[in-house]
Amino acid sequence: MTQNTPLSPRLPRLPLHPEDVAHRVLSAAQLRARDVSAAQTSAQCLPGGPWQHLLPGVYLLHPGPPTGRERLHGALLYAGRPPASARRAPADPADAGYGESMVTGVAALALHGFASVGNVEALHRIDVLVPRTRRLRSTRFVEVLRAASMPRAVRVGELPVAPVERALADAVAGTVDAACVRRLLTEAVRDGHCEPAAVVRELSEAKLLGRPAVVGAVDALLAEGRAVAEARLYAMVREHGLPEPVWNVELRLPGGPPLGGVDAYWPDQAVAVELDARAPRYGAPGRRGRTEEDPRWSAYAAKREHLERLGITVVRLSPRKLRKAADQQATVVRTALMAAADREPAAYVMVLPR
């Protein structure tokens, strides 16, 4: 379809491209940019006509039921239409017409590949995120959600979609089913869509952490995140040819108090690895950028300082870096192991299973 497509005064004919949703669903502004008048559009949408009115200001250019992709595209066109004061300006035919809007909630999770939410074609509701200043109402299958601060959209195919952690928070906000919440949060971490800390941050900012359906699910989320991170650590050691450590042990001075547990330890080199799988606590819920010190951080820091005073090198690895840059993290550990030969011998410590 081009801007110069010839149109009959009574029967506009726009070429359809079955493989391209953007040619099957158009906004009123996009039709005007293609020289289709409002009267022509209305005539095409009469009963028995070749087009249909999908949403306010959005048209489906075939008579059959809309597909899931067409509904998604239509929802973004509806949410992305400019304010009434700006609608008289000519539209750019090349503009997708989405504005700042993006798909969020369950529909976004489906686009991100979450198995637990089903196929896009089966969705009965599509959540779209728009800036708080937009004056739009939810209508038909479109639920409009407003955000004081819009996240950076990611592209899934041709569609702008909220990041996984934001889509999760919006999906959780719309359900009271604890089993469903647990299933979504667990899948997010188990299948590598995002890290637990990012999810907890979004849930906190959305003031959802205190909901009964969320409390237990967050515990399951953190446990799943811990298990996934440990599996990545095992894989990193073996796939990058690092010496085999002793796993999940507690260090203790002979006759003294425990020094704390570590996830991996190389006794000959006195090198310990800890997974930083803590979930941050956020103060002032809903106010982005304001954090409250996690009391566990002080304990972690004190343990690390104590071990390093004893000559033990502590390497802290984050689950996110293990997921995205395992080779770099393996280099960090290997460097610590190689540097052991140049250090003073560490204090003798007992290594106990935990």
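Predicted model: local features only at pLDDT ≥ 70, side-chain atom pairs only at ≥ 80, totals over all residues.
Let's begin with an open sheet of three strands, arranged in the order 1-3-2 with antiparallel pairing. Strand 1 (25–27) and strand 2 (52–55) are at the edges, and each has a single partner strand, so one side of each is left without a neighbour in the sheet. From one strand to the next, the twist averages 35°.

Look next at strand 2 and strand 3 (residues 58–60), which run antiparallel and are joined by three bridges. Gln52 stands opposite Leu60 of strand 3, and Leu55 is placed opposite Val58 of strand 3. The hairpin of strand 2 and strand 3 has two residues between the strands, and there Gly57 takes a positive phi near 75°.

This sheet also has a helix lying on it. Helix 3 (residues 68–80) lies across strand 1, strand 2 and strand 3, and runs at about 10° to strand 1.

## An aromatic pair

A search of the whole structure turns up one aromatic pair. Its members are Tyr234 and Trp247, whose ring centres are 4.4 Å apart; their planes stand at 80°, so the pair is edge-to-face. Tyr234 belongs to helix 8 and Trp247 to strand 9, so to find them you need to look at two distant parts of the chain, 13 residues apart.

## Helix 6 beside helix 8

Two packed helices are described by the angle between their axes and the distance between the axes. For helix 6 (residues 178–190) and helix 8 (residues 212–239), the axes come within 8 Å and cross at roughly 20°. Angles under 35 degrees count as roughly parallel, and helix 6 and helix 8 are therefore roughly parallel to each other. The crossing in which helix 6 passes helix 8 is right-handed.

Helix 6 brings Ala178, Val181, Arg182, Leu185, Thr186, Val189 and Arg190 to this contact. Helix 8 meets them with residues including Ala213, Val214, Ala217, Leu221, Glu224, Val228 and Arg232. Sorted by class, the contact of helix 6 with helix 8 has 11 nonpolar, three polar and four charged residues.

## Helix 5 and its two partners

Helix 5 (residues 164–173) packs with helix 7 (residues 196–205) at an angle of about 45°, their axes 9 Å apart. Helix 5 and helix 7 are therefore oblique to each other, and helix 5 passes helix 7 in a right-handed crossing. Glu165, Arg166, Leu168, Ala169 and Val172 of helix 5 meet Ala198, Val199, Glu202 and Leu203 of helix 7. By class, this contact of helix 5 with helix 7 has six nonpolar, no polar and three charged residues.

Helix 4 (residues 105–112) also packs with helix 5, at an angle of about 140° and with the axes 7 Å apart. Helix 4 and helix 5 are therefore oblique to each other, and their crossing is left-handed. On the helix 4 side are Gly105, Val106, Ala108, Leu109 and His112, which meet Val164, Ala167, Leu168, Asp170 and Ala171 of helix 5. The residues of the contact of helix 4 with helix 5 divide into seven nonpolar, two polar and one charged. As you explore, look for Leu168 of helix 5, which meets helix 7 and also meets helix 4.

Technical notes:
Residues numbered from 1 in each chain as written. Heavy atoms only, no water. Axes fitted to C-alpha atoms, helices over the stretch in contact; angles between N-to-C directions. Helix = DSSP H or I, 4+ residues; strand = E, 2+ residues; numbered from the N terminus. Parallel < 35°, antiparallel > 145°, perpendicular 65-115°, else oblique. Left-handed = near helix turned anticlockwise from the far one by under 90°. Contact = heavy atoms within 4.5 Å. Nonpolar A, V, L, I, M, F, W, Y, C, P; charged D, E, K, R; others polar. Pairing = 2+ DSSP bridges. Phe/Tyr/Trp six-rings, centres within 6.5 Å; stacked < 30°, edge-to-face > 60°.
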